[in-house]
Amino acid sequence: MMMKPRTRHKAAMLIAAMLLLSGCGTTSNGGASDNGGMLTWQQANEEYKATVEDFPFALMNDDKFPANMPKAQSSSSLYAKGSGEGQAYFYWQCSVERNILDNSRTAPETARESLKQLRKLLDTDWFKNYYEDKDGIVENDVIGKSELGDYSTMRDFYNTDCTWYRQENGLAQ
């Protein structure tokens, strides 16, 4: 089963919005106060570092958080508040999804236990405050369908949303 075009488009738009908002100009002093609450890469990266320092869940597959979040292509790009935190959560989510997908056929109990871990995402303050999922796609289509044995939507999300994670871990694109 393929991800619906609307679902894929919403996921791509969400990722793009969470990662950065480009073209907003540079800052005079690097502070968020001059940018209407927007953050520079350095500020978003500090948010990321603070999040991974005290991250509430363990990464899987012997993964480690990268020292820094990825930079936008434009040096003048600005980031929404929560972007750095979001990078940490997306990285963790990709680590868990990889574990689920890698074990879904060969070690189904391991996959089920990892699904329980992924479900914890839904209760995090970050997810509730920053992740727009009005249609319940993550809960119902990514997690819920996987709990029933249909990993196709999760695989689509992993293939679409986990590029940085796969690059950091030397995994095939």
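**Helix packing and a loop**

Modeller: Helices α3 and α4 are roughly antiparallel to each other, where roughly antiparallel means an angle over 145 degrees. Helices here are DSSP runs of H or I, at least four residues, numbered from the N terminus. Bear in mind that this is a predicted model: local features need pLDDT of at least 70, side-chain atom pairs count only at pLDDT 80 or more, and totals for chains, interfaces and linings use all residues. Residues are numbered from 1 along each chain as its sequence is written, and side-chain values use heavy atoms, with hydrogens and water left out.

Colleague: At what angle do α3 and α4 pack, and how far apart are their axes?

Modeller: The angle is about 160°, and the axes of α3 and α4 are 8 Å apart. Axes are lines fitted to C-alpha atoms, for helices over the stretch in contact, and angles run from 0 to 180 degrees between N-to-C directions.

Colleague: Which residues make the contact?

Modeller: From α3, they include W92, V96 and I100. From α4, they include P108, A111, L115 and L118. Contact means heavy atoms within 4.5 Å.

Colleague: How much of α3 is buried?

Modeller: 19 of the 21 residues of α3 are buried. Buried means under 20% relative accessible area, exposed over 50%, and partly exposed in between, with a 1.4 Å probe and protein chains only. Over the protein chain, 49% of the 173 residues count as buried.

Colleague: Take S95. Where does it lie, and what is it in contact with?

Modeller: S95 lies in α3, which covers residues 83–103. S95 counts as buried because its relative accessibility is 0%. Leaving aside neighbours within four places in sequence, S95 is in contact with L59, M60, N61, D63 and Y165.

Colleague: N61 is on that list. Where is N61?

Modeller: N61 is in the loop between α2 (41–53) and α3. Its phi is near 60°, a positive value in a residue other than glycine. N61 is partly exposed, at a relative accessible area of 25%.

Colleague: What about D62: buried or exposed?

Modeller: Exposed, because D62 has 73% relative accessibility. D62 also sits in the loop between α2 and α3. Phi of D62 is near 60°, a positive value in a residue other than glycine.

Colleague: Last one. How many helices and strands does the protein chain have?

Modeller: The protein chain has 8 helices and 0 strands. A strand would be a DSSP run of E, at least two residues.

How values were computed: Parallel < 35°, antiparallel > 145°, perpendicular 65-115°, else oblique.
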